[in-house]
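Colleague: Could you take the strands of this model and go through them closely, one after another? I would like to see how they are joined and what lies against them.

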Amino acid sequence: MGLHFHRNPDGTTTGRNDANGFTVTHAQEEEVKRQLYEDAGWEYTPPPPPVPPGFHRFSLVHDDFRAAGFGDERYAGLRARPPEGCVPVDRGCLALECERPGKTLLDAVAGTVAEVRREHGLVMNSLGVEKPQEWFDADSKNGYAAEVVAHLVLTAAHRARLLGYGRKDVVRLLDAAGVE
């Protein structure tokens with residue numbers, strides 16, 4: 001079963017349940033999500049309240065392909081002393097649920113990643129985005145689309161390092177792609 005969401009040019013959101021064809025369009029995207037979850041028989045949990053101005057909510061994940069779990073010794077310091085505004089959570093690996101300040105979401109993510117690296121010697125390499133192809137709010141610099149960008153950049157940097165590429169290689173690729 002798949003639930004799909006689409007933002008329409010008029011600002012409304014349309015959702016569809018592929019299993020039975022149920023479709024709903026509404027001005028409030030959360031109402032669309034609630035109705036689709038209800039139709040699918042899934043539990044709906046409303047989103048948390050908005051963060052204060054100048055803050056951003058995101059998850060940072062240490063996605064280790066060597067199957068290190070949340071309790072891994074390498075994470076002891078980070079679990080005991082996470083960055084301010086972050087809470088360690090077990091997602092089968094170490095994750096941080098964060099509400100951090102930043103001019104933009106990418107600034108908040110970058111500052112948090114740098115702090116974790118500096119204080120704990122660990123590079124957080126994912127935002128835990130499961131379906132990065134789903135651009136739900138591509139018109140917002142700080143919404144889900146920005147989370148997808150941060151997730152893909154962190155994941156690409158981590159995987160490039162695993163393959164032996166350095167910073168200059170990654171920056172050269174970004175420059176070649178025309179990132180200003």
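**The strands and their partners**

Modeller: Strand S2, residues 13-17, is mostly covered, with four of its five residues buried. Buried means under 20% relative accessible area, exposed means over 50%, and partly exposed lies in between, using a 1.4 Å probe and protein chains only. Strands are DSSP runs of E with at least two residues, helices are runs of H or I with at least four, and both are numbered from the N terminus.

This is a predicted model, in which local features need pLDDT of at least 70 and side-chain atom pairs count only at pLDDT 80 or more, while totals for chains, interfaces and linings use all residues. Residues are numbered from 1 along each chain as its sequence is written, and side-chain values use heavy atoms, with hydrogens and water left out.

S2 has a partner in strand S1 (residues 3-7), and the two pair in the antiparallel sense over five bridges. Two strands pair if DSSP finds at least two bridges between them. Across this pairing, Thr 13 in S2 stands opposite Arg 7. Five residues lie between S1 and S2 in their hairpin, and Gly 11 in the turn has a positive phi of about 95°.

S2 also pairs with strand S3 (residues 23-26), in the antiparallel sense and over four bridges. Here Arg 16 stands opposite Thr 23 in S3. The hairpin of S2 and S3 has five residues between the strands, and Gly 21 takes a positive phi near 80°.

An open sheet is formed by three strands in the order S4-S6-S5, with antiparallel pairing. S4 (55-62) and S5 (86-90) stand at the edges with a single partner strand each, so one side of each is left without a neighbour in the sheet. From one strand to the next, the twist averages 20°. S5 and S6 pair over five bridges, and Asp 90 stands opposite Leu 94 in S6. Helix H3 (residues 105-120) packs on this sheet, touching S4, S5 and S6, and its direction makes about 45° with that of S4. Axes are lines fitted to C-alpha atoms, for helices over the stretch in contact, and angles run from 0 to 180 degrees between N-to-C directions.

Pro 101 belongs to S6, residues 94-101. Its relative accessible area is 48%, so Pro 101 is partly exposed. Leaving aside neighbours within four places in sequence, Pro 101 is in contact with Gly 54, Phe 55 and Ala 108, where contact means heavy atoms within 4.5 Å. The C-alpha atoms of Pro 101 and His 56 are separated by 6.2 Å, although these residues are 45 residues apart along the chain.
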